[in-house]
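Subject: Structure handover

Hello,

Here is the structure for your files, with notes on what was found in it below.

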Amino acid sequence: MSSDFRSPSRRNVLTTAAWAAPVLAVATATPLVAASPNRCGTMAWTGTTRAGDVRTGTASTSSTSSSTITVTRATLAGSPQNPTAVDGNFSPLTTAGTGAGPVGALRMWQQSSAANVQARQRLTITSSRPLRQVKFLVYDFGRASATTSYSDALGTSGFAAASMVRQNTTSATIVGAGTVASPWSRSANWSAEPTSTVEVTLSSTTASVQSFTLEYSNAATTPVSGSGSQQWISLSNMEFCF
């Protein structure tokens with residue numbers, strides 16, 4: 001299945017739930033900038049090349065212009081899981097039914113390396129052309145515990161406005177401002193799929209952003225060490241607008 005942000009896919013994890021249109025926006029600082037179709041290009045993770053903790057790809061627009069996208073991963077706390085394996089951390093999923101997202105989505109997989117250590121990874125994404133908007137889906141954005149296990153959290157920096165929209169009507173709400181200091185997370189335990197999928201939009205009033213960050217962390221207050229704190233999300237193909 002495609003992991004394009006415009007066509008989220010269903011999957012089964014612990015339970016199933018109804019799918020509906022996005023209904024809730026969070027932390028919208030300013031109105032989102034309208035995207036011009038001929039000035040936006042999508043980068044597929046399966047089309048990127050990897051050299052260690054760096055992935056490089058291209059976002060091409062319908063006007064035949066393109067931008068080189070460089071994504072650099074860093075471990076800030078905890079430990080990434082299977083960092084060099086297929087379907088491992090910082091790798092596109094190659095098989096369905098992994099419990100992390102659809103084929104082609106970029107997996108972020110981590111756990112706490114010691115008790116009370118909140119795992120955290122950062123992606124720094126740089127474009128050769130200034131950006132005014134970026135859109136993508138986050139799959140399996142859930143929470144098992146607010147204290148001892150895991151609570152998926154995502155914070156951003158670099159854009160003036162950021163929003164996260166739920167893809168369902170009944171799951172736990174999204175809380176947080178979407179910043180590194182106040183990341184988005186679930187307001188209550190939620191592990192059922194496909195309703196853990198959310199859509200993220202980052203925007204600027206002008207095409208002025210050439211680098212931004214995504215920080216994926218464990219918001220559980222006192223996570224246990226090892227597999228009891230293991231968590232993952234995956235990111236869809238990204239749309240970049242110039």
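The lining of the largest cavity divides into seven nonpolar residues, one polar and two charged (nonpolar: Ala, Val, Leu, Ile, Met, Phe, Trp, Tyr, Cys and Pro; charged: Asp, Glu, Lys and Arg; polar: the others, Gly among them). This is a predicted model, in which local features need pLDDT of at least 70 and side-chain atom pairs count only at pLDDT 80 or more, while totals for chains, interfaces and linings use all residues. Residues are numbered from 1 along each chain as its sequence is written, and side-chain values use heavy atoms, with hydrogens and water left out.

The lining residues are M108, Q121, R122, L123, L154, L214, E215, Y216, I233 and L235. At least two of the lining residues come from each of β9 (120–131), β16 (209–218) and β17 (231–235). The space in this cavity is about 50 Å³, and a search of the whole structure finds one cavity of 30 Å³ or more. A cavity here is a set of points on a 1 Å grid over the protein atoms alone where a 1.4 Å probe fits but cannot get out; lining residues have an atom within 4 Å of a point. Grid points are joined across faces, edges and corners, and the volume is the space filled by probe spheres set on the points.

On the fold: the protein chain has zero helices and 18 strands (DSSP runs numbered from the N terminus; helices are H or I, at least four residues, and strands E, at least two). Of its 242 residues, 50% count as buried (under 20% relative accessible area; exposed is over 50%, partly exposed in between; 1.4 Å probe, protein chains only). Of the contacts (heavy atoms within 4.5 Å) between residues at least 6 apart in sequence, 75% join residues at least 24 apart.

The largest nonpolar core has 33 residues, and F212, L214, L235 and F240 have the most contacts inside it. β16 gives the most to this core, with four residues. Apart from it lies another core of five residues, including L93 and Y139. A nonpolar core is a set of buried Ala, Val, Leu, Ile, Met, Phe, Trp, Tyr and Cys residues joined through side-chain atoms within 4.5 Å.

Two backbone angles to check: N82, in the loop between β6 (79–80) and β7 (91–92), has a positive phi near 45 degrees without being a glycine. N82 is partly exposed, at 42% relative accessible area. N116, in the loop between β8 (106–111) and β9, also is not a glycine and has a positive phi of about 70 degrees.

Regards

Technical notes
1 Å grid on protein atoms, 1.4 Å probe; cavity = no way out; pocket = protein on both sides within 12 Å on 5 of 7 lines; lining within 4 Å.
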